[in-house]
Amino acid sequence: MKINISDINSQSSDFKGQISNEAIGSTGVLAFIEPLKIIAKVERIDEAVIAKTAVSGKYSAVCSRCLESVEQLWENEFLIAVEIDRKTEYIDLGEEIRQEVILNLPTRVLCDKDCKGLCPDCGKNLNNEKCKCSSMS
Ligand SMILES: [Zn+2]
Ligand SMILES: [Zn+2]
């Protein structure tokens with residue numbers, strides 16, 4: 001996501017881009033199933049470019065409690081600052097954003113915050129059915 005410095009002024013302007021899901025890859029917990037959309041409000045302050053960046057994309061993952069597959073929308077915002085000098089012609093926000101995304105992805109995914117999980121005794125998915133284990137103990 002290259003931005004020419006000459007396109008940036010002190011008024012913030014919007015730039016749109018995307019990162020391919022292959023560039024993020026699978027984290028072992030989740031993998032994006034579509035390109036991540038990026039909207040960056042970019043402005044120049046002296047010798048720096050500041051980008052207020054909103055990222056969104058859909059990933060598929062396995063619920064860490066009940067092991068069902070889920071697809072969820074992930075959204076996050078980052079503030080990225082890049083130093084520039086008079087010779088800088090362009091900046092490439094793509095790699096900066098990719099690293100922020102990887103650092104901020106969840107390490108655990110739940111299908112629902114109230115997911116009841118699997119019964120530790122019989123292994124039934126307690127979101128779908130009740131088992132008799134708890135009534136016997
Ligand atoms: Zn679940
Ligand atoms: Zn059970």
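1. Start with one pair of residues. Ile-38 stands opposite Val-55 in S5. The model is a predicted one, in which local features need pLDDT of at least 70, side-chain atom pairs count only at pLDDT 80 or more, and totals for chains, interfaces and linings use all residues. Residues are numbered from 1 along each chain as its sequence is written, while chains are lettered from A and ligands numbered from 1 in the order in which they are written.

2. Now the overall layout. The chain has three helices and seven strands. From the N terminus on, the order is β-β-α-β-β-β-β-β-α-α. Helices (H or I, at least four residues) and strands (E, at least two) are DSSP runs, numbered from the N terminus.

3. How spread out is the chain? Its radius of gyration, taken over C-alpha atoms, is 21 Å, well over the 14 Å that the globule rule gives for 137 residues, so the chain is more spread out than a compact globule. That rule is 2.2 Å times the number of residues to the power 0.38. The C-alpha atoms fill a box of roughly 75 × 25 × 20 Å, taken along the principal axes.

4. Next, S4 and S5. Two strands pair if DSSP finds at least two bridges between them. S4 and S5 pair in the antiparallel sense, over nine bridges. They form a hairpin with two residues between them, and Asp-46 in the turn has a positive phi of about 50°. Ile-45 has Ala-48 of S5 as its bridge partner.

5. S5 has other partners. With strand S6 (residues 69-83) S5 pairs in the antiparallel sense over 15 bridges. Ile-50 has Ala-81 of S6 as its bridge partner. Their hairpin has six residues between the strands, and in this hairpin Leu-67 takes a positive phi near 70°. S3 also runs antiparallel to S5, joined by three bridges. There, Leu-30 is bridged to Ala-61 in S5.

6. S4 has a further partner too. Strand S2 (residues 13-19) pairs with S4 in the antiparallel sense over seven bridges. Ile-19 stands opposite Leu-36 in S4.

7. Which residues have the most contacts inside the largest nonpolar core? They are Leu-36, Ile-38, Val-42, Leu-93 and Ile-97, in a core of 21 residues. Such a core is a set of buried Ala, Val, Leu, Ile, Met, Phe, Trp, Tyr and Cys residues joined through C-beta atoms within 7 Å. Two or more residues come from each of strand S3 (30-32), strand S4 (36-45), strand S5 (48-62) and helix H2 (93-104). S5 gives the largest share, five residues.

8. Look at Leu-93. Leaving aside neighbours within four places in sequence, Leu-93 is in contact (C-beta atoms, placed from the backbone, within 7 Å) with Met-1, Ile-3, Ala-40, Ala-51 and Ile-80.

9. Leu-93, Ile-97 and Val-101 are buried. They cover an arc of only 65° around the axis, which puts them on the same side of H2; the arc is that of the directions from the helix axis to the C-beta atoms. The face turned away carries the exposed residues Glu-95, Gln-99, Ile-102 and Leu-103. Buried means 20 or more other C-beta atoms within 10 Å of a residue's own, exposed means 12 or fewer, and C-beta atoms are placed from the backbone.

10. Last, a check on burial. Of the 137 residues of the chain, 17% count as buried.

Methods
Two residues are in contact if their C-beta atoms, placed from the backbone, lie within 7 Å.
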